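Work through the exercises below with the sequence and the coordinates at hand, and try each task before reading its solution.

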Amino acid sequence: MLVADGLTKSYRGQTVASGVNIRLEGGRVVGLVGANGAGKTTTIKMLAGLLEPTSGTARIDGRPTLEAAARRQIGYLPEESPLYDDLHATAYLSFFGSLYDLPRAEIRERTESLLTRLGLEDRDRKRPLGTLSKGMRRKVAIARCLLHEPAVVLLDEPTSGLDPLTSAELGEFVRELRANGKAVLLSAHNLPQVEELCDEILIMHLGRIVDRGTLAELRGRIGTQRYRVRATVAFPGSELKGTVHEAWLQALSQVEAALEVVRREKGIVLEVESVPPRLEEILRRASAT
Amino acid sequence: MNRGALRIAGNEAARYVRFLQPRVLVAAALIGLLLGLSGPAVRERGLHPEAELYRVEIDPDSPLRPIVDSDRAFDVTEGVGLAFLNGRADLSILGENVHYRADDDRSASAARELELAARRWLDQALEDETDASAAFPIRVNIIYEARSLVAATPTTPTPTPTTAPGTNNTSAPQSQLVSRTGEKQLDLRPSQVEPPFPIRSLLLTFAYVVPLNFVSQLYAGSLLAERTRQRGLLLLSTPNSGAQILLGKSLPYVVATLAMSIVVTLAIHAGLVGFLAALPILAFGLATTLLIGLIARSPRELTFLLVATTVLFSTFLFLPAIFTQIHPVAFLSPVSIIISALRGQAITLGSFLYATVPLTLAALVLTGLSVALYREETLFAPRGLLAKLADAIHFRAPSRASLVGAGALAVPFAIGLELFLLIFAVTLNLRTAFVFFLMGGALVEEALKGLVAHAHITRSGRPAPPPLVGLLVGGGFFLGEKFALVFSLVGFNLLPLGRDALATFGIASSALLVFAPLLLHTVTTTLTAYGARRGRTALAWCVASLVHAAYNATVFLLLLPGVSL
């Protein structure tokens with residue numbers, strides 16, 4: 001389990017992350033969302049033991065992540081995929097496996113299993129990494145981050161710049177990681193994916209975690225439920241769309257008033273849909289407070 | 001050694017092995033085969049691209065025939081001018097008369113070559129003459145003598161120049177003070193008179209530096225790529241420390257440099273002393289490359305810094321070494337040690353240490369600073385060079401107490417840079433040299449101490465008050481100077497200037513000034529620290545340097561009453 005307590009990072013008097021508390025447990029995916037410059041990447045780097053916090057600690061099973069031994073339990077995927085372009089995938093993974101002191105046979109076995117699972121074809125494994133597509137490079141980077149079977153996986157924008165299909169594939173892979181008992185931190189701008197995958201969501205703004213909880217909890221606290229009403233006659237706030245009058249309403253009282261008008265005008269209510277707030281709206285509201 | 005470092009080293013070395021793809025190997029094998037096949041023929045006949053360049057038609061009875069035959073450039077045929085008239089020859093020699101076509105470049109060129117061949121032939125004929133006195137009626141003995149930087153020192157006697165009877169001495173003594181006699185050139189013909197510069201040894205010593213430059217390019221390029229492409233981030237996320245990663249990255253280049261220097265040592269017969277003297281050069285070269293590779297922000301900046309440091313470092317190494325046979329200032333450079341080793345001359349331990357210790361210490365400090373930079377926080381930040389240096393210094397000296405050590409470790413750099421200034425100073429006239437050196441020395445010392453003070457004031461969360469920073473950094477620098485005192489005196493004594501000063505003033509009297517430098521360093525560093533606190537480090541550095549220069553001038557005038565500035 002990785003526990004961060006009061007993580008703070010300042011650069012020459014400017015605080016980039018402040019008092020960040022995070023708890024990552026096995027079998028759970030935690031989402032970290034926020035605007036650019038909110039401090040997500042700095043926080044992840046502190047969790048990964050790459051950046052020394054100005055104050056606070058990040059510990060994995062009680063051991064500071066700044067210690068080399070603790071980093072064996074962490075798989076870190078940065079936002080970019082900085083690979084060695086002249087190496088092919090197998091050699092690249094073999095090199096990184098050796099840096100974790102994995103036996104050769106184990107490296108071979110895990111490389112084969114990961115690349116197969118991530119859908120990297122045999123012929124692509126033998127091509128220099130510099131010649132692979134962005135999606136394939138990302139898959140190799142993910143394989144590297146998981147090669148040593150870390151207990152905690154820190155993914156910084158894993159689907160950034162990827163096409164929807166590859167993005168969905170990687171989403172599926174994150175689910176598998178959760179099923180395999182990994183503790184996953186997922187930082188992403190792809191909010192629908194965060195909604196889909198995460199058991200808990202942390203909202204970061206200006207270096208602080210301004211809210212946290214399950215999606216339902218966040219919706220309950222921050223977002224506004226909206227209602228879509230469609231009818232055959234006009235009602236207050238409606239717009240004519242084709243042959244149907246439609247309106248997005250914020251409160252139940254407005255819905256009741258609209259239904260009353262439709263009944264009075266002898267119209268037919270075609271649909272009343274309750275739409276929960278999207279994470280994007282929650283993020284916007286949380287960041288505005 | 002850490003296994004991770006070895007694996008990183010293996011991967012780094014493998015990058016170059018991967019470059020050796022089959023087609024590269026085939027091309028190399030073909031080139032090797034061609035060289036192998038042509039080798040015996042070249043050995044037998046030699047390489048003479050100029051052979052039979054010009055066609056010469058010569059009268060069979062011409063007395064110039066031996067001259068033409070002595071030069072491979074001429075393809076000689078016998079004739080009385082017919083071939084020349086038909087354009088099949090570039091020159092025609094009839095008796096003692098040489099004919100060429102003035103409007104034909106090739107023919108004119110052939111005539112010039114013939115003139116040179118005639119001179120060479122004549123020189124050789126004189127060489128072969130059994131009566132040397134008849135061939136060379138004038139013979140010369142030259143004795144080069146060291147010259148003092150001081151105009152007059154009555155206590156030192158002037159030796160009488162030794163001149164062989166019946167010979168002319170072409171080198172008149174330039175001053176009254178001679179303390180060390182340079183290499184003698186005896187019984188020479190005028191054409192053999194050469195300046196006593198160890199040109200051959202100097203050129204041989206280049207063999208150490210040339211491969212180092214190639215290695216540096218590859219080394220720095222690899223470090224920069226690791227940063228600009230952020231690959232170092234992934235290495236740092238593994239269970240290996242920055243120091244281990246750097247060790248692994250550096251190992252192949254260190255091994256390659258060492259291997260090449262061993263080969264060079266064996267090839268030029270520099271011996272163990274020469275090899276040992278070359279090590280600080282290689283260490284400093286690699287350490288500088290390492291630091292540059294970690295602070296440069298772009299390939300363009302990397303190239304600029306590498307070229308600039310290579311030029312300055314080469315100047316530092318080779319300029320004083322030119323004077324190896326003439327002036328003790330040469331022993332500021334380890335190259336002088338290598339040259340002396342090549343010439344089979346004795347080298348004192350003092351000279352060896354004087355030439356090698358500052359460079360070695362500087363290499364160690366630069367390596368320490370580089371290791372401090374191999375962190376996520378500093379490795380990828382596109383900050384300025386000085387800002388990164390300040391980051392590294394603060395990382396190494398985060399506490400107030402550690403400022404003392406940082407101040408002390410600035411001393412090897414001060415010595416190195418001041419020696420560098422001294423190299424230029426010896427080429428100037430006395431007055432200009434003094435002013436140049438006093439001001440330059442002050443600027444160098446204040447820059448080094450100021451950098452440490454600036455790093456503390458601007459990087460520390462709770463910086464110490466400027467006077468305390470001044471005392472700690474200035475005190476550290478003072479201690480470093482005192483630690484190097486014995487060593488410095490050895491070096492100082494090598495120089496006529498230092499000898500004169502010590503003779504005039506005395507070491508014991510010099511000790512009276514022991515605490516004056518402490519006060520100076522404290523005051524000037526305090527000034528820079530105040531400047532750093534107000535964001536005006538550069539201005540404060542200038543003021544501190546002026547104060548320091550005034551102090552230097554006072555001390556020198558006290559030490560050398562005969563000198564007026």
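Contact here means heavy atoms within 4.5 Å. The structure is a predicted model, in which local features need pLDDT of at least 70 and side-chain atom pairs count only at pLDDT 80 or more, while totals for chains, interfaces and linings use all residues. Residues are numbered from 1 along each chain as its sequence is written, chains are lettered from A and ligands numbered from 1 in the order in which they are written, and side-chain values use heavy atoms, with hydrogens and water left out.

**Exercise 1.** Determine whether B:Glu418 is buried or exposed, and list the residues that B:Glu418 touches beyond four places away in sequence.

Solution. Begin with the location: B:Glu418 belongs to helix α17 of chain B, residues 411–425, where helices (H or I, at least four residues) and strands (E, at least two) are DSSP runs numbered from the N terminus. Next, the relative accessible area of B:Glu418 is 15%, so this residue is buried; the classes are buried under 20%, exposed over 50% and partly exposed in between, with a 1.4 Å probe and protein chains only. Leaving out residues up to four places away in sequence, B:Glu418 touches B:Phe437, B:Gly441, B:Val444 and B:Glu445. Finally, B:Ala442 lies 24 residues from B:Glu418 in sequence, with a C-alpha to C-alpha separation of 9.2 Å.

**Exercise 2.** Carry out the corresponding analysis for B:Leu349, and state how far its C-alpha atom is from that of B:Thr315.

Solution. B:Leu349 is part of helix α13 of chain B, which covers residues 349–373. Its relative accessible area is 61%, and B:Leu349 is therefore exposed. The C-alpha atoms of B:Leu349 and B:Thr315 are 24 Å apart, for a spacing of 34 residues along the chain.

**Exercise 3.** Describe how α11 and α12 of chain B pack, and classify the residues that meet.

Solution. Two packed helices are described by the angle between their axes and the distance between the axes. Helix α11 (residues 299–321) and helix α12 (residues 334–342) of chain B pack at about 45°, their axes being 7 Å apart, and α11(B) is therefore oblique to α12(B). Axes are lines fitted to C-alpha atoms, for helices over the stretch in contact, and angles run from 0 to 180 degrees between N-to-C directions; those under 35 degrees count as roughly parallel, over 145 as roughly antiparallel, 65 to 115 as roughly perpendicular and the rest as oblique. From α11(B), B:Leu317, B:Phe318, B:Pro320 and B:Ala321 meet B:Pro334, B:Val335, B:Ser336 and B:Ile339 of α12(B). These contact residues divide into seven nonpolar, one polar and no charged, where Ala, Val, Leu, Ile, Met, Phe, Trp, Tyr, Cys and Pro count as nonpolar, Asp, Glu, Lys and Arg as charged, and the others, Gly among them, as polar.

**Exercise 4.** In what order do the four strands of the open sheet in chain B run, and which strands stand at its edges?

Solution. The order is β2-β1-β3-β4, with mixed pairing; two strands pair if DSSP finds at least two bridges between them. At the edges stand β2 (74–78) and β4 (97–100) of chain B, each with a single partner strand, so one side of each has no neighbour in the sheet. Strand β1 (residues 54–58) of chain B runs parallel to β2(B), joined by five bridges, and three bridges join β1(B) to the parallel strand β3 (residues 91–94) of chain B. B:Val56 stands opposite B:Val76 in β2(B) and opposite B:Leu91 in β3(B). Lastly, β3(B) and β4(B) pair in the antiparallel sense over four bridges, with B:Leu94 opposite B:Asn97.
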